[in-house]
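Thanks for coming, everyone. Please take a look at the structure on the screen, and then I'll walk through it.

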Amino acid sequence: MDDIARFCQMVNESQNIVFFGGAGVSTESGIKDFRSVDGLYNEKYDYPPEEILSHSFFFDNTKEFYRFYRDKLLIDGVKPNVTHYTLAKLEEAGKLKGVITQNIDDLHEQAGSKNVYHLHGGIDKYHCLKCRKGFGLDYVKKTKGIPYCDCGGILKPDVVLYEETLDDRTVSESIKLISSADVLIVGGTSLVVYPAAGLINYYRGRKLILINKQPTPYDNYADLVINKGLGEVFGALKLV
Ligand code: ZN
């Protein structure tokens, strides 16, 4: 049996699957991976993206932060791909219990997924730093430069920036989901960056599937390793 056939079998046999996804899930929709060779880190900007997308830079240089943020992260016309749609279908069929993602886009939601945990927050939500009022992406898109609340306060994206800690509730819900999963599919992440590596240590089952184009430090712990693109693997999934 080849690796994709084994993948199909494991998915078909389980009613309790959890998916943990990294940048590779979104790159096939045309969103750039911050850490990959041809990702944003190699693009010319006044500061490295890692510095721009940090907590201190946001407060020290809000205008420059939003110039980069609007230019690189608020991209129009990005659509979910076969991986997002297949995961939504698996959830609808009652087989997938949730998606945990490191991505800040809302492609899983656009594809129809309901139970999605964004470890790094999302570009779809904002709040006023003065009165805490919440705003959506549509509001921010209609503004230019730094977006402001009607009270005059600056809006900050609900994205976990560098130097910031993850949301406790999102982390504990993710741990709960992972530790009770029958099948854990980890896809599109090299598993070298916190918190991905730490979180999958909570998995207790014997059906850990890793799908990533390159090898990861966890390959030896996995029950199935597929070094292929996610779209190729999820595109080949046939539910019985
Ligand atoms: Zn306000």
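Which residues coordinate the zinc ion? C128, C131, C149 and C151, each through SG, at 2.3 to 2.4 Å. Donors here are N, O and S atoms within 2.8 Å of the metal, or 3.2 Å for Na, K and Ca; water is not among the atoms, so sites may look incomplete.

Quick word on the basis. This is a predicted model: local features need pLDDT of at least 70, side-chain atom pairs count only at pLDDT 80 or more, and totals for chains, interfaces and linings use all residues. Residues are numbered from 1 along each chain as its sequence is written, and side-chain values use heavy atoms, with hydrogens and water left out.

Back to the zinc ion. Its site is tetrahedral, with angles of 101 to 118 degrees among the four donor atoms. For four donors, that label requires all angles between 85 and 135 degrees. The sequence spacing of the donor residues is C-x2-C-x17-C-x1-C.

Is C128 buried or exposed? C128 is buried, because its relative accessibility is 0%. C131 has 40%, so it counts as partly exposed. The cut-offs: buried is under 20% relative accessible area, exposed is over 50%, partly exposed is in between, with a 1.4 Å probe and protein chains only.

Next, helix α5, residues 62-72. Eight of its 11 residues are buried, so the rest of the structure largely encloses α5. Among them are F65, Y66, F68 and Y69. What covers these buried residues? The cover includes α3, α4, β4, α8 and β6. Contact means heavy atoms within 4.5 Å. Helices (H or I, at least four residues) and strands (E, at least two) are DSSP runs, numbered from the N terminus.

Now the sheet. Six strands form an open sheet, paired in parallel, in the order β3-β2-β1-β7-β8-β9. β3 and β9 stand at the edges with a single partner strand each, so one side of each has no neighbour in the sheet. From one strand to the next, the twist averages 15 degrees. Two strands pair if DSSP finds at least two bridges between them.

Some pairings. β1, residues 17-21, joins β2 through five bridges. V18 has G98 as its bridge partner in β2. β2 and β3 pair over three bridges, and V99 partners V116 in β3. β2 is mostly covered, with five of its six residues buried. At the other end, three bridges join β8 to β9, where I209 is partnered by L224.

Technical notes: Tetrahedral: all angles 85-135°; square planar, octahedral: opposite > 155°, others 65-115°. Axes fitted to C-alpha atoms, helices over the stretch in contact; angles between N-to-C directions.
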